[in-house]
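Subject: Handover of a structure and findings

Dear colleague,

Please find below the structure that I am handing over to you. The notes that follow it set out what was found.

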Amino acid sequence: MVSINAYSFNPIGRVHSCFKEKFGIPRQPGLVAGARATVEMLPPYVEAEAFRGLTEFSHIWLLFVFHAVPTGRWKPTVRPPRLGGNRRLGVFATRSTFRPNPIGQSVVKLDGIRQSRGRLVLQISGIDLLDQTPVLDIKPYLPYADALPEAHGGFAAEAPRRLATVRFTASARRGLNAAALRHGYDLEGLVADLLKHDPRPAYHAQRPPGAPYGMRLEDLNIEWRVVGSEVVVTAVTRLETRETR
Ligand code: SAM
């Protein structure tokens, strides 16, 4: 029998995501439908049998490790961005990544399962996951048990407020269209959706209007400014990177 004091788990898969850094990732799954990733299964789980029946479900739960959070840095209280970063709540009343056990859970859409040349890959979307996230478990989402319309949402009862419009300069749009051809999906739409969710940290509200921001997405650096409720994407630059997908 396993000791009740210590458990050790090995990842069963690894996420390959369009998000190469934490900044700019949606704060929960399902907020940005076009945010996609794959979960590449690791041996000995590269095994079609283990997934028999899963494609009958539209959504799955992923249990994963917040691997990019420094260990041992949790505190009993945290400042949720939703409360402007100036109210402290108990860590267990939040979805903070700084937790005693850095385990995350996300419901994501299952778009398909691909198997070829000894690889087994789950295609997922609506994600809030950093590239290379280690996956501990995969379970089907059960609407009859997991969807609870009568549930109370505490300080996060409503979906987050969205910014009104996202505008692109002509050169930014050209950069995104070129990247869309390389990656095979609509990057302009994805950037518009991501930025409508205003990834700026709450404590940046004090920065002057129009202050510049940047984030990495796929092999791109995206630069933008927020003025009032409008986002302007000012530049899109291709970075020299090694593709991991
Ligand atoms: N849905 C999950 C949950 O509730 O457990 C994650 C919520 S957490 C607030 C989402 C944020 O975690 C993302 O916006 C991103 O900044 C961060 N994140 C995602 N994957 C991560 C990883 N592997 N390591 C560290 N931080 C990560």
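Helices and strands are named here as DSSP runs, numbered from the N terminus; a helix needs at least four residues and a strand at least two. Please note also that this is a predicted model.

With those names in place, the start of the chain can be described. Tyr-7 belongs to the segment that precedes strand E1 (13–17). Tyr-7 is exposed, as its relative accessible area is 53%. Together with Ile-4 and Phe-9, Tyr-7 makes up a nonpolar patch on the surface, and the three have about 420 Å² of accessible area together.

Overall form

The protein contains 3 helices and 12 strands. Its radius of gyration is 19 Å, close to the 18 Å that the globule rule gives for 245 residues, so the protein is as compact as a globular protein of that length. The C-alpha trace spans about 60 × 45 × 35 Å along its principal axes.

Of the 245 residues, 37% count as buried. The protein exposes about 14400 Å², and carbon and sulfur atoms supply 53% of that area. As for contacts between residues at least 6 apart in sequence, 70% join residues at least 24 apart.

Two domains

The protein is divided into domain 1 (13–156) and domain 2 (165–238). Where the two meet, the contact takes 17 residues from domain 1 and 17 residues from domain 2. The C-alpha centres of domain 1 and domain 2 are 23 Å apart.

Glu-223 counts as partly exposed, at 31% relative accessibility. Leaving aside residues up to four places away in sequence, Glu-223 touches Tyr-213, Gly-214, Val-232, Val-233, Thr-234, Ala-235 and Thr-237. Val-91 lies 132 residues from Glu-223 along the chain, and the C-alpha atoms of the two are separated by 32 Å.

Backbone features

Most residues other than glycine have a negative phi, and most peptide bonds are trans.

Pro-44 is in the loop between strand E2 (36–41) and strand E3 (59–65).

Asp-198 sits in the loop between helix H3 (187–196) and strand E10 (212–217). At 14% relative accessibility, Asp-198 counts as buried.

Salt bridges

Side chains of opposite charge can pair when their charged atoms come close. The count in this model comes to 10 salt bridges; some of them are described here.

The side chains of Glu-188 and Arg-173 meet in a salt bridge, with 3.2 Å from N to O. Glu-188 lies in helix H3 and Arg-173 in helix H2 (residues 170–183), so this pair ties together parts that are 15 residues apart in sequence. Arg-173 is partly exposed, with a relative accessible area of 35%.

While Asp-198 counts as buried, Arg-200 counts as partly exposed at 22% relative accessibility.

Arg-238 forms a salt bridge with Asp-219, where the closest N and O atoms are 3.4 Å apart. Arg-238 lies in strand E12 (residues 230–238) and Asp-219 in the loop between E10 and E11, so the pair ties together parts that are 19 residues apart in sequence. Arg-238 counts as exposed, at 54% relative accessibility, whereas Asp-219 is buried, with a relative accessible area of 5%. Arg-182 joins Asp-219 and Arg-238 in a network of salt bridges.

Yours sincerely

Note on methods
Residues are numbered from 1 along each chain as its sequence is written. This is a predicted model: local features need pLDDT of at least 70, side-chain atom pairs count only at pLDDT 80 or more; totals for chains, interfaces and linings use all residues. Side-chain values use heavy atoms; hydrogens and water are left out. Patches are made of residues with over 30% relative accessible area and no salt bridge: like charges are joined within 9 Å, nonpolar side chains (Val, Leu, Ile, Met, Phe, Trp, Tyr) within 5 Å. Accessible areas come from the Shrake-Rupley method with a 1.4 Å probe; for residues, only the protein chains shown count as cover. A salt bridge is a side-chain nitrogen of Lys or Arg within 4 Å of a carboxyl oxygen of Asp or Glu. Buried means under 20% relative accessible area, exposed over 50%, partly exposed in between (1.4 Å probe, protein chains only). The radius of gyration is taken over C-alpha atoms; the globule rule is 2.2 Å times the number of residues to the power 0.38. Contact means heavy atoms within 4.5 Å. Domain bounds come from an automatic or database domain assignment.
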